[in-house]
Amino acid sequence: MKKRSVFAGVLAVSVAAGSVGYGMTAEAAEKRKEIKTLVETRGYYADLTVRYEETTGQVLGILDKGASREDGSSITGYDKDRWTLAYEKSVAAFQGKTLEEIRQIDMADATSGATLSGDAIKRGVIQALGQETQTGETGNYLQPVQDTKGWDKEVTFPLHTETVPANSNFQVAKEYITLEGQEERETYYANEKGTFTGTEYILKKAKPGQKQRIVFQDKNGLYQDITITLTVSPSVKLEGGKLISDTVDVLALVGDISSVKVQEAGASYGDSYYPRAGKYVFRGDGFVNETITKSGEKKVFEPGKTYDITILTDAYSPLTFSYTATGTSLPRKKIAADQIRLEPASAPFADRTKFVIDGSQVPDSRFQVKEITGPDGQKVPFRYESTGTYFSENSNLFTRPAIGEYRLLLKDVSETYEDIEKTFQVTPVFSMEKDQMVSASETFPVSKYLGKTWGSYPKVKIREAGQQEFREYTIQEAEKIEESKDGLFTPDGRIRKTLMENGKLLFEQGKTYEIQIENSSYSNPLITYTPEGIETVTKEEVLEELPFKTKEVKDDTLYEGEKKTKREGKPGKRFRTRTYTMVDGQKVGEEVVSEEQTTEPTDRVVRIGTKKKPKEKAGWKQEKGLWYYRKADGEKATGWIEDGGQWYFLGKDGAMKTGWVKDGSNWYYLEGSGAMKTGWVKDGSNWYYLEGSGAMKTGWVKDGSNWYYLEGSGAMKTGWIKDGGNWYYLEGSGAMKTGWIKDGGSWYYLEGSGAMKIGWVKDGNNWYYLEGNGAMAANRWIGNDYVNAAGVWVRSR
């Protein structure tokens, strides 16, 4: 069968000069060209003919002669539906577009639901419009970094730029990834650098000896497809009781083991052993671990017997090896205790404390904590996690560890290394510097120690050094601490030296105090604190001014609301002796010890009017150039009022408004006299229409027998306007036109509703054709119909 390559169709001009067709003039037909192209997608092919305008390069149409499979049979079902969808949407997307515009179209958007076929059609159209096909032998442009791959998670195919110009855009074609002997195709994703990653089945669990075929396509449509075949050929062996490989990281392989099945050679069944359960068939260094036992003390391997060992991992295909047990135990390696480190370094205050072994020094180890002994000689509980060994959240060491030395015993459960003992110290990290709590560890800031637990701050206890009893206080936010009766610390560790109890300062100069934070997650050793900057000052004499009072007396000679001062007030004076304490320059704990008043204050006397004001007549009054409407009670009216058959609007201050005013959601126009206008009003260069209520109208309004259109601002429109998808024409007076009108040299036809017509329209006994912009066509063919200079249809072809 003849092999067909993507874009392998020969370009050909198929329209003879002078031919006329498709509703085009002879002159237009001479500028139209056709190019054939062959498109392949999803295993079937289609011959397309691309029509384009030679001078502009714009696509006029795409003809499909039908898609078929390589054996010539027609496509059906789902494939046919996808092809039809892609073809119809591609034609719509490419119509009127040039080559460069088509290159920019995203087919995922243009042909949603049929992207693969859409991409293939796009490449075919680009190929056809490009007028040139550049080809090369398979493999000339792309080569893998290695010819054979085992279980690599990525394979990179760099472009050879000396043979492929920068205008190429090769990517893995998703529908062309196959495994030898496998019908289904797997999906890969490519990036702009030419690298691709695939499904786990192909790249991580492919069977040795299988081949995978990868097809690269140039998304720019300039170059033919390139096919590269990779052979999966891993080389992992079990020799001398140890796993070895030239291509696979054996230590990583052993670390990835999920289970190992062991059965005697020729047996129909065996037993599986799981590292997560502490059963290691292979040591961390890749050697078979013959010390492994079944349940009880019976060993898995008996000397002299041959076994089939199958390794199962998440990343690799199953590996099976034959192994004859020797009955010998391999010596265990030694490791220095200084290879063990504590993370974080300050164990007492960690949320989760972990012991870590330097993996670069012992990559083949599987160490776990077996025993921890505290300062009191008691065993400390702990637990395991997949990423390391941690102290238990319920253990004393984790929650409130005692200060002192701990002993750590670690065991390599893969039997590669000997046991390790290590000691470490639990020491407090918090202290007071002046009036601020500080931490010696960046890992455990003060804010964490004093922070909220389950929504509450820890309690603070304090006592004088040498005393037995503690007093209890709280932690308060910085902006609230001065208002609190017992707030001693802010969450960032600032202490409040100005705290008072029973009128006295809590702290005294020269004394030492012991502070303890009741935090349930950390050890809480005593923190010592000696305050500074506290000084007591006594017998300060101050001359103070005593304020006078104001008295009011009724006066029936003054109108209600009037006030007059009868006598001015004078302040009094007194001497006061007081003591107080200075804390960092701030006065606190002030106490008055004596006072003497030397001058009494004199009260201020004010007369208050009680006389009734005479009644006034309602009506307009002008005050300071503004007009107001006084009601009968003398109060200023506000809002709308009616006077003499006219409506007026008064502001909140009672002043009469003129011009435009908005009340609620409506606009109103008030004349210079303040009277509200109705009907048509001209303001500036615009006309506006006001209803009988005075409210300004917008949109369509009928006045008399004519319709008018008012913008959102209320201004009357003239000329062409578009409303609700239709065009309308308004005269200079604003009145809407109907029937035939002439504007700018073209005739237009407006329905009785005023809407502009397009397409064929009959007026009287004649038919006329109106273009998409509404202009009447004249002296030209409309498809198979001809209209004369007057726009009247005269004949058909």
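Five strands make up an open sheet, arranged in the order 29-28-27-32-33, and their pairing is mixed. This is a predicted model. Two strands sit at the edges: strand 29, residues 487-489, and strand 33, residues 527-529. Each of these edge strands pairs on one side only. On average, neighbouring strands in this sheet are turned by 45° against each other, with direction ignored.

Look at strand 32, which covers residues 513-518. What joins strand 32 to strand 33? There are 3 bridges, and the two strands run antiparallel. Strand 27, residues 459-464, also pairs with strand 32. That pairing is antiparallel too, over 6 bridges.

Now follow single residues across the sheet. Start at Arg-463, whose bridge partner in strand 32 is Glu-514. Glu-514 in turn has Thr-528 as its bridge partner in strand 33. Next, take Tyr-513: Tyr-529 of strand 33 stands opposite.

Another open sheet has 3 strands, in the order 20-23-24, with antiparallel pairing. Why is one side of strand 20 and of strand 24 left without a neighbour in the sheet? Both stand at the edges and have a single partner strand each, so one side of each stays without a neighbour. Neighbouring strands here are turned by 30° against each other on average, again ignoring direction.

Strand 20 spans residues 367-373 and pairs with strand 23 in the antiparallel sense, over 6 bridges. Two residue pairs show how the strands line up. Gln-368 stands opposite Lys-411 of strand 23. Ile-372 has Leu-408 of strand 23 as its bridge partner. On to the next pairing: strands 23 and 24 run antiparallel and are joined by 7 bridges. Here Leu-409 has Glu-421, in strand 24, as its bridge partner.

## The loop between strands 23 and 24

Strand 23 (404-412) and strand 24 (420-426) have a loop between them, and Thr-416 lies in that loop. Is Thr-416 buried or exposed? Its relative accessible area is 0%, so Thr-416 is buried. The side chain of Thr-416 also makes a polar contact. It reaches the backbone nitrogen of Gly-284, at 3.0 Å.

## Aromatic rings

A pair of aromatic rings is described by two things: the distance of the centres and the angle of the planes. How many aromatic pairs does a search of the whole structure find? The search finds 21. One of them is Trp-620 with Tyr-629. Their centres are 5.3 Å apart, with 80° between the planes, and the pair is edge-to-face. Trp-620 is partly exposed, because its relative accessibility is 25%. Tyr-629 has a relative accessible area of 17%, so this residue is buried.

Trp-700 and Tyr-709 also form an edge-to-face pair, because their planes stand at 70° and the cut-off is over 60 degrees. Their ring centres lie 5.1 Å apart. Trp-700 is partly exposed at a relative accessible area of 23%. Is Tyr-709 buried or exposed? Tyr-709 counts as buried, at 19% relative accessibility. The reason is the cut-off: buried means under 20%.

Elsewhere, ring pairs build a cluster. The cluster links Phe-301, Tyr-307 and Tyr-323.

## Charges over rings

Some rings have a charged side chain over the face. Lys-636 lies over the face of Tyr-628, 4.1 Å from the ring centre. Which ring does the charged end of Arg-795 sit over? The ring belongs to Tyr-786, and the distance to its centre is 4.8 Å.

Now take residues 717-736. This span is 0% helix and 50% strand, and its end C-alpha atoms lie 10 Å apart.

How values were computed: Residues numbered from 1 in each chain as written. Heavy atoms only, no water. Phe/Tyr/Trp six-rings, centres within 6.5 Å; stacked < 30°, edge-to-face > 60°. Buried < 20%, exposed > 50% of the residue type's maximum accessible area, 1.4 Å probe, protein only. Lys NZ or Arg CZ within 6 Å of the ring centre and 35° of its normal. Pairing = 2+ DSSP bridges. Helix = DSSP H or I, 4+ residues; strand = E, 2+ residues; numbered from the N terminus. Axes fitted to C-alpha atoms, helices over the stretch in contact; angles between N-to-C directions. Polar contact = N/O pair within 3.5 Å; in protein donor to acceptor, adjacent residues only side chain to side chain.
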